[in-house]
Amino acid sequence: MTLIRWDPFAEVLGLRRSGDRVFDGFPTPRLWRGGIEVVFPIDLSETEEAVVVRAVLPGVRPDDVEISISGRALTVKGEAKFDEKTEQESYYRHEIRYGNFYRTIPLPTKVDPEHAEAEFENGVLTVTLPKAADVRPKTIKVKAKELESAK
């Protein structure tokens, strides 16, 4: 019979891996200019005519959002401002993040930034980016020729 030495740290590492799997679906904060960048959730979809990006930005005013397109990347920047009215409140939990945020989203194809549109409704930003003319599908109509023998 072979004896195996017990390693208490192996059990702790297994417990940590299990805990990490619980948080796999959550956004990961990243360092950004001395602050924290919180990755806000997006949906990125594509139709024959356009690329559509929807971003959830609760508590942010449309005036505090800036959108830019560079090459095949869309950048959304903004600021969630803290309401200073609540001076006397004692917080038990303070999880809502305030301050600057940004996210750069790689786009699946070339777009035409000159005709892009953005709407903000109920905390959801929707950016519609028409595809560039050279990447849109083209339909070629087939013309039928009459045969001379049929005349």
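This is a predicted model: local features need pLDDT of at least 70, side-chain atom pairs count only at pLDDT 80 or more; totals for chains, interfaces and linings use all residues.
A residue counts as buried when its relative accessible area is under 20%, as exposed when over 50%, and as partly exposed in between (1.4 Å probe, protein chains only). Residues are numbered from 1 along each chain as its sequence is written, and side-chain values use heavy atoms, with hydrogens and water left out.

**Helix 1**
- Helices (H or I, at least four residues) and strands (E, at least two) are DSSP runs, numbered from the N terminus.
- Helix 1 covers residues 8-22 and reaches 22 Å from its first C-alpha to its last, close to the 21 Å expected at 1.5 Å a residue; the expected span is 1.5 Å times one less than the number of residues.

- Three strands form an open antiparallel sheet in the order 5-6-7, where two strands pair if DSSP finds at least two bridges between them.
- Strand 5 (65-70) and strand 7 (99-106) are the edge strands, each pairing on one side only.
- Strand 6 (residues 73-80) is joined to strand 7 by eight bridges in the antiparallel sense.
- Ala80 stands opposite Gly99 in strand 7.

**Surface patch**
- Phe82, Tyr91, Ile96 and Tyr98 make a nonpolar surface patch of about 400 Å².
- Patches are made of residues with over 30% relative accessible area and no salt bridge; like charges are joined within 9 Å, nonpolar side chains (Val, Leu, Ile, Met, Phe, Trp, Tyr) within 5 Å.
- Accessible areas come from the Shrake-Rupley method with a 1.4 Å probe; for residues, only the protein chains shown count as cover.
- Phe82 sits in the loop between strand 6 and strand 7 and is partly exposed, at 32% relative accessible area.

**Salt bridges**
- The structure holds three salt bridges, each defined as a side-chain nitrogen of Lys or Arg within 4 Å of a carboxyl oxygen of Asp or Glu.
- Glu46 and Lys131 meet in one of them (2.7 Å, N to O).
- Glu46 lies in strand 3 (residues 42-46) and Lys131 in the segment after strand 9 (124-130), so this pair ties together parts 85 residues apart in sequence.
- Glu46 is partly exposed at 43% relative accessibility, whereas Lys131 is buried at 8%.
- Asp64 pairs with Arg61, the closest N and O atoms being 3.4 Å apart; Asp64 is buried at 16% and Arg61 partly exposed at 48%.
- Lys110 and Asp134 form a salt bridge at 2.8 Å, N to O.
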